[in-house]
Protein chains: 2
Amino acid sequence: MPHLDRSLIAEAPAFSGLDGAALDDILAHAQSFRIPKGEVAFRQGEPAEKFFLLLHGRLRVTRLNPQGQQMVVRFVNPDDMFGVAMAIQCDIYPGTATAAVDSLALSWPNSLWAGMIARYPALAVNAMRALGARLQDSQQRILDLSTQKVEQRIAGAVLQLAHQAGRPSEEGVKIDFPLSRQDLAEMTASTLHTVSRTLSAWEAFGLVECGRQRLTVRNEEGLQAIAKGVESE
Amino acid sequence: MPHLDRSLIAEAPAFSGLDGAALDDILAHAQSFRIPKGEVAFRQGEPAEKFFLLLHGRLRVTRLNPQGQQMVVRFVNPDDMFGVAMAIQCDIYPGTATAAVDSLALSWPNSLWAGMIARYPALAVNAMRALGARLQDSQQRILDLSTQKVEQRIAGAVLQLAHQAGRPSEEGVKIDFPLSRQDLAEMTASTLHTVSRTLSAWEAFGLVECGRQRLTVRNEEGLQAIAKGVESE
DNA sequence: AACCAAGTTTGCGCGCCGACAAACAGACGC
DNA sequence: GCGTCTGTTTGTCGGCGCGCAAACTTGGTT
């Protein structure tokens, strides 16, 4: 009897198509651990020794260039795998994963990956799908960076966040983890100043409601119009 | 005895780790076809029915946004797989693949993919590695777009092209397929005007030598210095 | 050889948005 | 309550590089 219940991971897309015995087997080798807010699961450049599944919370994955400038690569949501550097033949982590809120994750040593795929081929298929989705996402982001204006990109980022981490509240969809202007700037290749100005303008129009590290989307259609490039004049 | 010789694909990373019988089996289901310069292998939005391996030539993969603006996603080199939409659970091609020069490719119907991975697990590992490399690449490009100036990005793109499609010539590394200013602009989120100006300036400094759709790198270190952000004043 | 189309060069002006600066506002600890 | 720290707002300025326009060059075609 495993000390972790299989229901923890049964819902994760990464493990879909696996039966109960497989889940138990996989869980038997997993280790669970907490990541307090602000702490990191791994740092860019460290040797990649483990891969992870987020059970609860939210992580921000960032990447630094040699000049020290930083960007937000993605946010990790519950049931997402992360730190899968070895799946792509990388021996060091290409980014840093920081907890945006207190989080809980499972980890497995990298050495188990090959055996797990061999034993459960569905894992490879799921992992490939996840990678593919992230690739699509990255390419879309490149296209957006190339062709859209800052305001459109910020709108797109906010909509995406509302979609993947939004929680319906009294009036509008609230993003339920601390999100600073700086974070949005690093997601959209902008600056916190521009993001701040933009959000203020949107707030004046009733499109969003924002506070310190908090953001609520009040008018999703309006933001979508901005993201699509509809001029408001 | 297959009508295609296994040596055609034996060198491709996608098929590394497979034995001769497996290669023959895979080749038996492949179809070869020519793509004349300027023609497309598939178009963005078409239902994805095949996946491909480039034998010879060079393809340019582009992507359009809803507003009709275009970017260059990547160049496909010989021995690269392309159009692997189904590997990532996509039922339409997310981009358009156009031949930059007369090219030759193999294709397989998508329906064979699942069976091929099941029979030859090394295929899944190779595919995942390739996807991972492309993901790394995309994320690096996002970081570059976010943090670098246009001139640095152009230098980076030229260096990358010289590396993956360069052929040493009399003086310098020559990119051996037709590459327009517009292409470079769509790779670097810039405009052909800016690219033209930049290349002209570089040529004056002896860093490159350029003609109509042709480009030779004469001073790789110089370009690397620009790419890294060293100011020349 | 003459023509044509596609690709390239170059000039000019303006606008977006980044850089800098300084004040402001919550959150937290004591 | 007070002080501090982090995150946010707002103003001003300037420059990079895009948009537009027009001339030029070169390779291919008939």
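Hi everyone, let's start at a loop: A:Q148 sits between α4 and α5 of chain A. A quick reminder that this is a predicted model. Is A:Q148 buried or exposed? With a relative accessible area of 14%, A:Q148 falls under the 20% cut-off, so A:Q148 counts as buried. If we leave aside the neighbours within four places in sequence, A:Q148 touches A:L143, A:R153 and A:A227, and from the other chain B:Q67.

In chain A, helix α5 (residues 150-165) packs with helix α7 (residues 192-204) at an angle of about 75 degrees, and their axes are 11 Å apart. The pair α5(A) and α7(A) is therefore roughly perpendicular. Which residues make the contact? From α5(A) we have A:V150, A:E151, A:I154, A:A155 and A:V158, and from α7(A) there are A:T194, A:V195, A:T198 and A:W202.

Next up, helix α3 of chain A, residues 111-119. Its buried residues are A:W113, A:M116 and A:I117. Looking down the axis of α3(A), these buried residues fall within an arc of 95 degrees, so they line one face of the helix. As a general point, an α-helix has 3.6 residues a turn, so residues three or four places apart point the same way. On the face of α3(A) turned away from the buried side, you'll find the exposed residues A:S111, A:A114 and A:A118. And what covers the buried residues of α3(A)? The cover includes α2, β3, β6 and α4 of chain A, together with α4 of chain B.

Last stop, friends: chain B. How many of the eight residues of helix α6 (residues 181-188) are buried? Six of them are, so this helix is mostly covered. They are B:D183, B:L184, B:A185, B:E186, B:M187 and B:T188. These buried residues of α6(B) pack against β3, β4, α4, α5, α7 and β10 of chain B. Just after α6(B), B:A189 takes a positive phi of about 55 degrees.

Conventions: Residues are numbered from 1 along each chain as its sequence is written. Chains are lettered from A and ligands numbered from 1 in the order in which they are written. This is a predicted model: local features need pLDDT of at least 70, side-chain atom pairs count only at pLDDT 80 or more; totals for chains, interfaces and linings use all residues. Side-chain values use heavy atoms; hydrogens and water are left out. Axes are lines fitted to C-alpha atoms, for helices over the stretch in contact, and angles run from 0 to 180 degrees between N-to-C directions. Helices (H or I, at least four residues) and strands (E, at least two) are DSSP runs, numbered from the N terminus. Angles under 35 degrees count as roughly parallel, over 145 as roughly antiparallel, 65 to 115 as roughly perpendicular and the rest as oblique. Contact means heavy atoms within 4.5 Å. Buried means under 20% relative accessible area, exposed over 50%, partly exposed in between (1.4 Å probe, protein chains only). The arc is that of the directions from the helix axis to the C-beta atoms.
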